[in-house]
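Me: I've got a model open here and would like to talk through some of its side-chain packing. Can we start with the aromatics?

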Amino acid sequence: MPVMIHGSCRARDTKPSYKSIHIEGNNNRRLAQKLMLLLNHFQHLGQNMTDNKAYTPDSEPAAEKVSSKMPPSYANAVIGSDFNSKANLTEEEGPYDPFDNRDPNGATAGGALAHLLKSSLGTGILAMPMAFHNAGLVFGAVMTLIVGFLCTHCVHILVKTSHNICKDAKVPALGYAETAEKVFEYGPKAMRRYSNFAKQFVDIGLMATYYAAACVYIVFIATSFHDVINYDLGIKWDVRIYIAMTVIPCLLIGQIRNLKWLVPFSMMANIFIVVTFAITLYYMFDKPLDFSDKPLIAPAAHIPLFFATVIFAMEGIGVVMPVENSMKKPQQFLGCPGVLNTAMITVVLLYGVIGFLGYVRFGDEVRGSITLNLPDGAWLGDTAKLLMAVAILFTYGLQFYVPNEVLWRKINHRFAPEKHNMVQILLRTGIILVSGGIAAGIPNLEPFISFVGAVFFSLLGIFVPSVVETVYLWPDRLGCCKWKLIKNILLGVFAILALIAGSAASIDEMINPKQED
């Protein structure tokens, strides 16, 4: 129940004024007791000011004198002359708890779990058989579990650090970029000047990640239509023609600025994805699986592509903080089992099974999306390809919405309000056209997915969370023998190696693509 106190109590006054105390809400007994306790403290303070022999009108009362007559929380409030702070009225009950200030009408644990699973079941899971092709059966299975554990751990430390810094900053919730900013702002003095840089780095990284993923979407949609139409009609149009045609509906759906108008598209996309998965599983088991010709460990040159693809598939770092912030009981997000652990266990097992069986079924012919391996000309296979392409097209609006909102908040002050509508139309159109141009320049789906995972998800999904936790815990909360520092250094090294090796291998495959029959 909020209590607003206006006015101030100066040392020069003989008695503080209580006329401007207002109570909003129901006047229950507990609140009345709190107010009486607070008023008694102020009365004792006024008496101390007038009775104290060391007091003079031109001097402030010594902090020690106030502290000796008052509890520490109220002493700090008086010395700071800040009676409007909610924290000052609640400190006697303990430190600020951000969970108590969340929206009581927020998402439930079940709803948060559904959002996390939905964000993970897209093009990423369809690319897992290609990841196993670059790793081998045994190495791929083991490393999928390890990478899944690392991704889960990095999300865990990011969310936990966000919870802790919310207590320090006395705010109910923080996004990814704001968490990075506050950690540096409240961190060691030498790091505080980098707080704005940390926020801008994460914001720009998230925007780049979503825009790059949108390019992957365009390539996937165009490739699906290319395979079906070219085979069924007996034509040989280049995939770039389909990319140009795909840009047209993207221009329309990309102009939607209200999330509620994207809900019907998302619902239809979910239905199409479920049907596509069912058809894909049917084709995965329509023939006996042959394990004999599949390597247990792939050549070392392909391993970086595996890590880049798996990181792309599993990392939903841009979705995690919005989902956690929307929960009415965020303490259920972490812990055992918790929303995060339940979602990631489900995702890792699904990805491992689909990747393993998909590679066993299609072998070296596997492509960047397993739906592209379904038989050409078969009505069921063509249906799955087209449904998945349309589902990804419908999801494009949401994928495009997030980075544009971040970008627009950063630049809208540069334009007159009456020009905002036209500027947004031109901005969105320009970005989609540029995305289409990039997709046409890199029309190979497999290395494109690996490149995006290597560059963007390695940084935002692994490197940044490890840095954020280290800065927050520095210097004396890093555990016995500073094991958390050592752990985060290893995570950072792994992220940088994945970035360098994965991007180099992806670029090489873009320049020298595999020749298809």
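Predicted model: local features only at pLDDT ≥ 70, side-chain atom pairs only at ≥ 80, totals over all residues.

Me: How are Phe307 and Phe494 arranged in their aromatic pair?

Reply: Phe307 and Phe494 pair edge-to-face, with 5.8 Å from centre to centre and 85° between the planes. Because Phe307 belongs to helix H13 (residues 303–314) and Phe494 to helix H19 (residues 483–511), the pair ties together parts that lie 187 residues apart in sequence.

Me: Phe307 and Phe494, buried or exposed or partly exposed?

Reply: Phe307 is buried, at a relative accessible area of 13%, whereas Phe494 is partly exposed, at 22%.

Me: And how many aromatic pairs turn up in the whole structure?

Reply: The search of the whole structure gives 14 aromatic pairs. One of them joins Trp237 and Tyr242, whose ring centres are 5.9 Å apart and whose planes meet at 45°, so this pair is classed as tilted. Within that pair, Tyr242 is buried at 2% relative accessibility, while Trp237 is partly exposed at 42%.

Me: What about the peptide bond from Trp474 to Pro475?

Reply: That bond, from Trp474 to Pro475, is cis, with omega near 0°. Pro475 itself is located in the loop between helix H18 (445–473) and H19. As background, most peptide bonds are trans, and most residues other than glycine have a negative phi.

Me: Which residues other than glycine have a positive phi, then?

Reply: Cys481 has a positive phi of about 55° although it is not a glycine, and Lys170 likewise has a positive phi, near 55°. Cys481 is found in the loop between H18 and H19 and is exposed, with a relative accessible area of 67%. Lys170 is found in the loop between helix H8 (137–169) and helix H9 (176–185) and is partly exposed, at 38%.

Me: Switching topic: where is Lys385, and is it buried or exposed?

Reply: Lys385 is placed in helix H16 and, at 0% relative accessibility, it counts as buried.

Me: What does the side chain of Lys385 reach?

Reply: The side chain of Lys385 reaches the backbone oxygen of Leu374 at 3.1 Å. Leaving aside neighbours within four places in sequence, Lys385 is in contact with Ser224, Asp227, Val228, Thr371, Leu372, Leu374, Pro375 and Asp376. Of these, Asp227 is 158 residues away from Lys385 in sequence, with 8.7 Å between the two C-alpha atoms.

Me: And Asn373, where does that lie?

Reply: Asn373 lies in the loop between helix H15 (338–362) and helix H16 (379–411), and at 14% relative accessibility it counts as buried. The side chain of Asn373 reaches the backbone nitrogen of Arg367 at 2.8 Å. Not counting residues up to four places away in sequence, Asn373 touches Phe362, Glu365, Val366 and Arg367.

Me: Last one: what does the secondary structure of the protein chain come to, and how much of the chain is buried?

Reply: The protein chain has 19 helices and two strands, and buried residues make up 48% of its 517 residues. Among contacts in the chain with a separation of 6 or more, 78% are between residues 24 or more positions apart. The chain exposes about 25400 Å², with carbon and sulfur atoms supplying 64% of that area.

How values were computed: Residues numbered from 1 in each chain as written. Heavy atoms only, no water. Phe/Tyr/Trp six-rings, centres within 6.5 Å; stacked < 30°, edge-to-face > 60°. Buried < 20%, exposed > 50% of the residue type's maximum accessible area, 1.4 Å probe, protein only. Helix = DSSP H or I, 4+ residues; strand = E, 2+ residues; numbered from the N terminus. Polar contact = N/O pair within 3.5 Å; in protein donor to acceptor, adjacent residues only side chain to side chain. Contact = heavy atoms within 4.5 Å. Areas by Shrake-Rupley, 256 points an atom, 1.4 Å probe, with all protein chains shown as cover.
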